[in-house]
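Keep the sequence and the structure in view while reading.

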Amino acid sequence: MAKSKSQVLTLMQEMKDLLDASRTWLSGTFLTALQAASTAVAAGDDEPEDEAQREALAAVLVSALSFYADVKAACYEIHPTLGRYADSELLSSVALNLRRFSEKVAGDGEALKSRGLTKFSSWSAGGSNVGDGHFVVLNTNRDGDLLDFSHIETLTIQCVEDAVTGSAPTGGETFVIYGEAPGDFEWDVVGAGSGRGAGGEQYNPDWGVTDGDFSAALNPRTLQAGQRFPARGASQNAGNLLPNGNCEQGLAGSGSSNALQGWTRSASGGGTGTLTLEETNQLKGTQSLKANADFKIYVPLTRENTGGTGADEATPYALQLWARCNSSLTDGDAILRVIDDSTTHATITVDLAALTDDTWTGGTPVMFVMPGAPGANLRVELEVDNLAGSGAEVLIDNIMCVPLYHYDGRAFAPLEGQTSWRYGDTATGETTVSEAGALQRMINEVFGRDGGIPYLHADASAATYWSDS
Ligand SMILES: [Ca+2]
């Protein structure tokens, strides 16, 4: 007879205790004693017997490393039991077993206790940065739940090549990400990697992981410590999903049915405004988009690998646009949204009346997860609505829908601003933990670092916990 719920729970608790006890012992009295013994061997003159003593102690260390690996391997072997409890279709698949277990726990209105992570929700930009773009971060999965894993460390992203002193494209300046160095031994749980040598670690979230589809776990946007990556910008070669997001390719069509090149005037609610180009007060490049009446234009998004402007399913993106108004404007909104015929998936709205006159302002970026199974006519719409004021004008530029990078339980990107990123620009963010949920930590440590394996459903306030003890 299969294990009961309480027997499954007890198994998890005892394995967690075994892992924690071995770590406590190894990183505590054992290591202290080993180091003291090594120091004692080194004391005094070198004698012939010292070498044999050093080798013997080295063998002890090798055994300790092997011992800890064996404990983790023993914890790992609980996955078929979790799968059996949750009626997994394939007990040999650790990913499927954990997914089914997580789903059953959530479906039963239960949860593991959250680790108590406090993840930074905004990056702290360096005080001497030249670039004025936004650094964005998203810490939740597609269901809006906190991704309950990450290393406990301070992360840094830093521009290492720009378009002025280097050869990086404007808007796609090269950055690097790194955290803090891992411990000397596997049982020292510290950073995911300082990026200054080996030790970079890949730690996948479940974005893109839908039933039967684990492809996104192998996404090239998943970074490791020390890895270089381009910033996200308004041009398509800087990652923008939207054609002509920097408005440099001009307009298409005529009169009040015209649109940005690469875009289409909406058949419904398309507005009466005729779009023109601004070539004097543009944000960047040589042109921005100008309107003096309402309009709505769109770009269709196709699902990945089907041609056209492909949106990667179930993966995180950011929306942003920049706007500038003249003093005649009394009301109006500039809106960028991801929408299909049944659902609005994300919207960024810039309240034009709240902007400082004749000053470019970047809207607060909006992060969202592209739907895995969108309705018909998935598209991005750009709209100016309720524009009011005699002689009112609005300028728009750097219209962006850009994919985010994945790193250690979060999604993030530096976004192009009015002034481009420069070499040395930086941002930092710290994650702390209250260690509220030891079972969840054990699951993270034993399973969470392998690609494509989902973390278990955890909650800080569920009525029924799979308790730690
Ligand atoms: Ca432009």
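## Terms and source

A residue is buried if 20 or more other C-beta atoms lie within 10 Å of its own, exposed if 12 or fewer, and partly exposed in between; the C-beta atoms are placed from the backbone. Helices (H or I, at least four residues) and strands (E, at least two) are DSSP runs, numbered from the N terminus.

This is a predicted model: local features need pLDDT of at least 70, side-chain atom pairs count only at pLDDT 80 or more, and totals for chains, interfaces and linings use all residues. Residues are numbered from 1 along each chain as its sequence is written.

## The chain as a whole

The protein chain has five helices and 28 strands. Its C-alpha atoms fill a box of roughly 90 × 60 × 35 Å, taken along the principal axes. Of the 469 residues, 43% are buried.

Two residues are in contact if their C-beta atoms, placed from the backbone, lie within 7 Å. Among contacts with a separation of 6 or more, 70% link residues 24 or more positions apart.

## Helix 4

Helix 4 covers residues 94-107. Its 14 residues reach 20 Å from first C-alpha to last, close to the 20 Å expected at 1.5 Å a residue. The expected span is 1.5 Å times one less than the number of residues.

Helix 4 is mostly covered, with ten of its 14 residues buried. Among them are Leu96, Leu98, Phe101 and Val105, and also Arg99 and Arg100. The cover includes helix 3 (79-85), strand 1 (110-113), helix 5 and strand 28 (464-466). Just after helix 4, Gly109 takes a positive phi of about 75°.

Two packed helices are described by the angle between their axes and the distance between the axes. Here axes are lines fitted to C-alpha atoms, for helices over the stretch in contact, and angles run from 0 to 180 degrees between N-to-C directions. Angles under 35 degrees count as roughly parallel, over 145 as roughly antiparallel, 65 to 115 as roughly perpendicular and the rest as oblique.

Helix 1 and helix 2 pack at about 170°, with axes 11 Å apart. The two are therefore roughly antiparallel. Leu19, Leu26 and Phe30 are among the residues of helix 1 in this contact, and Leu57, Leu61 and Tyr68 are among those of helix 2. By class, the contact has 16 nonpolar, three polar and three charged residues. Ala, Val, Leu, Ile, Met, Phe, Trp, Tyr, Cys and Pro count as nonpolar, Asp, Glu, Lys and Arg as charged, and the others, Gly among them, as polar. The buried residues of helix 2 are Val71, Lys72 and Cys75. They pack against helix 1 (5-42) and helix 5 (438-447).

The axes of helix 1 and helix 5 come within 10 Å and cross at roughly 70°. That makes helix 1 roughly perpendicular to helix 5. Helix 5 contributes Ala438, Leu439 and Met442 to the contact.

## Strand pairing

Two strands pair if DSSP finds at least two bridges between them. Strand 17 (residues 331-339) and strand 18 (residues 344-351) run antiparallel, joined by seven bridges. A hairpin of four residues links strand 17 to strand 18. Ala334 has Val350 of strand 18 as its bridge partner.

An open sheet of three strands has the order 4-24-23, with antiparallel pairing. Its edge strands, strand 4 (135-138) and strand 23 (405-406), each pair on one side only. Two bridges join strand 23 to strand 24 (residues 411-414). Tyr405 has Phe412 of strand 24 as its bridge partner.
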